[in-house]
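Student: I would like to learn how to read helix packing, a nonpolar core and salt bridges from a set of coordinates. Could you walk me through an example?

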Amino acid sequence: MSKRDLKKYLAELNKEQLEEQIIELYEKFAPVKVYYNFVFNPKEETLLQECKLKISNEYYPVKKIGRRSKPKMRRSVAQKYIKHFILLGVDPFIIADVMLYNIEIAQTFSSENTIKNDLFFKSMFNSFEQAVIFLIANGILNDFKPRIIAIHNQSIVQKWYNEPEFNATIERFEY
């Protein structure tokens with residue numbers, strides 16, 4: 001069904017029928033429920049804190065009784081939250097904060113642990129580049145410039161093999 005056909009169909013329904021359909025969608029489909037719950041009660045700060053906790057648990061897992069938990073270091077956890085926040089229409093400043101927090105926590109972990117997996121560094125660069133593109137697209141780069149530069153500086157201090165790529169990304173927006 002095309003969007004035009006949907007509009008035509010919805011125009012033929014009365015108010016009660018529309019309400020019935022929306023309630024049915026709300027009850028039947030979890031994404032619809034999540035969307036309406038967010039629209040009517042955003043609680044962006046709570047979402048942000050929950051998200052940051054999940055991301056930090058990827059690098060610094062909560063220890064389970066009787067055994068040591070190993071860090072998973074999955075970029076995908078942050079990516080899922082970022083995608084979810086974009087779909088919900090969360091404030092771009094919060095999305096940008098999550099994007100940069102993901103890299104910052106990974107750099108903190110990297111400064112304390114030796115990482116031999118090149119995919120980790122490539123993944124962090126991809127996150128960095130996506131964050132910069134997002135910041136530019138939303139016109140909020142200047143608000144986050146100190147954090148961007150701090151991330152780049154950490155890539156120098158920690159001698160990341162792909163630091164020149166971080167540098168090239170920063171050179172694109174500096175005069």
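Predicted model: local features only at pLDDT ≥ 70, side-chain atom pairs only at ≥ 80, totals over all residues.

Student: Let's begin with packing. At what angle do helix α5 and helix α6 pack?

Tutor: The general idea is that two packed helices are described by the angle between their axes and the distance between the axes. Here, α5 (residues 75-88) and α6 (residues 92-112) pack at about 175 degrees, and their axes are 10 Å apart. Angles over 145 degrees count as roughly antiparallel, so α5 is roughly antiparallel to α6.

Student: Which residues make the contact?

Tutor: From α5 come Arg75, Ala78, Ile82, Phe85 and Ile86, and they meet Ile94, Ile95, Val98, Met99 and Asn102 of α6. By class, the contact residues divide into 8 nonpolar, 1 polar and 1 charged.

Student: Now the core. Which residues touch the most other members of the largest nonpolar core?

Tutor: In soluble globular proteins, nonpolar side chains tend to be buried together. In this model the largest nonpolar core has 43 residues, and Phe85, Phe120, Phe128 and Ile148 touch the most other members. Two or more residues each come from α4, α5, α6, α7, α8 and α9, and α6 gives the most, with 11 residues.

Student: What does phenylalanine 128 touch?

Tutor: Leaving out residues up to four places away in sequence, Phe128 touches Ile103, Ile148, Ile151, Phe166, Thr169 and Ile170.

Student: On to charges. How many salt bridges are there?

Tutor: The count comes to 7 salt bridges. One of them joins glutamate 24 and lysine 28, at 3.9 Å from N to O. Both residues lie in helix α2, 4 residues apart, about one turn of the helix. Glutamate 24 is partly exposed, with a relative accessible area of 46%, while lysine 28 is exposed at 58%.

Student: Which parts does the salt bridge of arginine 147 with aspartate 97 tie together?

Tutor: Their side chains meet at 2.8 Å, N to O. Arginine 147 lies in α8 and aspartate 97 in α6, so the pair ties together parts that are 50 residues apart in sequence.

Student: Is aspartate 97 buried or exposed?

Tutor: Aspartate 97 counts as buried, because its relative accessibility is 12% and the cut-off for buried is under 20%. Arginine 147 is partly exposed at 23%.

Student: Where does glutamate 104 lie?

Tutor: Glutamate 104 is in α6, and its side chain also meets that of arginine 147 in a salt bridge of 2.8 Å, N to O. Through shared partners, salt bridges join Lys52, Asp97, Glu104 and Arg147 into one network.

Note on methods:
Residues numbered from 1 in each chain as written. Heavy atoms only, no water. Axes fitted to C-alpha atoms, helices over the stretch in contact; angles between N-to-C directions. Parallel < 35°, antiparallel > 145°, perpendicular 65-115°, else oblique. Contact = heavy atoms within 4.5 Å. Nonpolar A, V, L, I, M, F, W, Y, C, P; charged D, E, K, R; others polar. Core = buried A, V, L, I, M, F, W, Y, C linked by side-chain atoms within 4.5 Å. Buried < 20%, exposed > 50% of the residue type's maximum accessible area, 1.4 Å probe, protein only. Salt bridge = Lys/Arg side-chain N within 4 Å of Asp/Glu carboxyl O.
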